[in-house]
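I set out to record what I looked up in this structure. The entries follow in the order in which I made them.

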Amino acid sequence: MYNEKVLKHFQNPHNQGVIKDADGVGQVGNPVCGDIMKIYIKVGKNKKGQEIVSDIKFETLGCGAAIATSSMLTDMAKGKTLEEAGKIGKLDIANELGGLPQAKLHCSVLAHEGLAKAIEDYKQKSKKHK
Amino acid sequence: MKNIYLDNAATTPIDPAVLKSMEPYLRANFGNASSLHYVGLEAKRTVDGVQEKMGHFLGCLPQEVYFTSGATESDNMAILGLTGAILRANSGFKPHIVVSAMEHDAVLEPAKQLSKDGVEVTYLKPNNKGLIELDSLRKAIKNNTVLVSIMYVNNEIGTIQLIAEIGQLIKELNEKAAASAKATASRRKIYFHTDATQAVSYCDMNVVKLGVDMLSLSAHKIYGPKGVGVFYLKRGTPFRSLIWGGHQQDGIRSGTYNVAGIVGLGKAIELIADKKKNKEENKKIKELRDYLIKGIKKSIKRIRINGDMIRRVPSNASIIFEGVEGESILLMLSQKGIAVSTGSACSSGSLEPSHVLRAIGVKPELAHGSIRFSLGRFNVKKDIDCVLKELPLIIKRLREMSPLK
C-alpha cells in the first residue's frame, strides 16, 4: 500500500533524533489517535541575513506514514528560510513522497502542523528575548 | 529473504495435499455439477462426496451443508437469511438479534444493515479476558429475540467462547418459552449461529454438541483454497436466500458449484479430521506459541498479552508493545521477512483501533501497539528464534524514535 519512496523514508528516516538546544519545538498529535510528532528546529541566518531552518530533527511515535512524513518534512524544511518553510502545505509532504493512501493523508497534515508549531514556538521565544 | 509466516489467522498456506487433490478438477474433470451428462455427473458425485464428508465432520446431515464462497458469505447468510425469513413471515414484527461486540465485520456489518431496516440489535460486550459471560447473554435476551450470533474463536485474540454452554442456555430458554407460549404466544424461538472460521483446526465442531442452528467456516483458514466455505443450516431453520439463480443447493444458495474449491475444502477437512495427527499438530503449535510468548516476555519490557490464556486456541499470541505503533512494528518485521498482523488503527483504513481490543477494554493508546502472531501447521522453531532475535531490536529502535520516553 505504500510506495517505495515512503518505505525508504520509513526504513531509514532522515534527521531522526533530538536537538538539545533547539530554538523551537512543536509537538502535535496524541496517543489516543496513535500518532505523536515532535519537531525540533535550530534557526540560523543565510547570507542575505534571512532567518533559516539551519537544523531540524524529529521524534515520532506512529505508523509507517507518520515516520515517513516526519522524515520527508525535515528534508524539505532544512536550509529553507522560515518564511519558505512555513509555506510547506498540508499535503505537500505527501506529494513529495509520491503520494500516500487516503487514510494516511492526515500524517502529512500532522507533519505540517508540527513544523508550524515549532516555528511559532521559536517566534514566541524570540519575542520574549527582545 | 527469509519467509516466516506468522499470520495464519489471516489466511493459511495451501497444504500440498490439498492442492494435489484439486488439480484434476481444474483440468480434465471440469464439469458443471448441474449438467446431466456424464461429465456433469462425475462432478456432482465428487461434490456429493465432500458434502457427506462435511456432514460427518460437523455431525449433521449432508443436506444441511451448503457450499459458499467463504465465511463472509456464510455469516451474511446467517444474519440476513434468518432475519429476512422472519421479517417476511411476520409483517409488523420487530425482531431483536444479539451479536457479540467482538464479532468479525462479516457479522457486524450485516447486523448494522439490519438495524437500518428497523431490526433491534444488541452488541454483547465480552469481559476483559475476551470471553462472553452466560449471564450477560441471558440478560440480553428479550421476548422478540430471534437470533444470537457469537463467534467460536476470536480472530484477533484467539479466545474460545463457551459455544456448547451458550447453545444449552438457548435451548433451555426456548423450551421454557415453548412451555409458557401457549399462555403468552409472545416469546419467539431463538436461533443460534456461530462463526467458527478460526475454530475448525482446534475445537470440537460437532453442531449437535454445540447446539447451533447455523455455523460458518472458510477453507482458506485451514490450509485450503480461497473462495470456498461452508454454511451449516439446521433443517427447519427459517431462511431466505441471499443469492438467487439456478436453484443449486436446493435454492438456498444458487450458483455453479466451485468443484475444485469444494474438493480442496474436503481434503483440508480430511487432514483435520485425522484426530491423532491433529492433536500432535496442535501440541506442536502450542509449544511454539508458548516459546514465542516466553521469549518476548524475557527480552522486551512493557508488554501485555490480550485475552484469556487458557480458553484460547494454541496458535494465537496477541501482544501489546507499549509506546510503539503496531503498523511500524509490522512493516519492520516484514522487512525482515516476518509476516504478522496488527490491531492498530493505521492498518485498518479507519482511524479507530481494533474493535475487538476496544471491546475487551484495552485503551486506544495501547491498542495501537498490538501485534497478532498466529502460528500454523508449517511453522518451525527456527521461525520463532528468528522473531525473538529481530523483534527486540525493532521495538528498541521504535521506542527510541518516539517522543514519549
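**Sheet in chain A**

I looked up Gly29(A) and found that its bridge partner in strand 2 of chain A is Ile36(A). I worked on a predicted model, in which local features need pLDDT of at least 70, side-chain atom pairs count only at pLDDT 80 or more, and totals for chains, interfaces and linings use all residues. Residues are numbered from 1 along each chain as its sequence is written, and chains are lettered from A and ligands numbered from 1 in the order in which they are written.

I took helices (H or I, at least four residues) and strands (E, at least two) as DSSP runs, numbered from the N terminus. Strand 1 and strand 2 (residues 35–45) of chain A pair in the antiparallel sense over seven bridges; pairing requires that DSSP finds at least two bridges between two strands. I traced an open sheet of three strands in chain A, with order 1-2-3 and antiparallel pairing. Strand 1 (24–30) and strand 3 (51–61) of chain A are at the edges with a single partner strand each, so one side of each has no neighbour in the sheet.

I counted 13 helices and 13 strands in chain B. I noted that the C-alpha trace of chain B spans about 65 × 55 × 35 Å along its principal axes.

I then examined the contact, which takes 18 residues from chain A and 19 residues from chain B (C-beta atoms, placed from the backbone, within 7 Å). Helix 10 of chain B gives the most to the side of chain B that touches chain A, with four residues.

Definitions and conventions
Contact = placed C-beta atoms within 7 Å.
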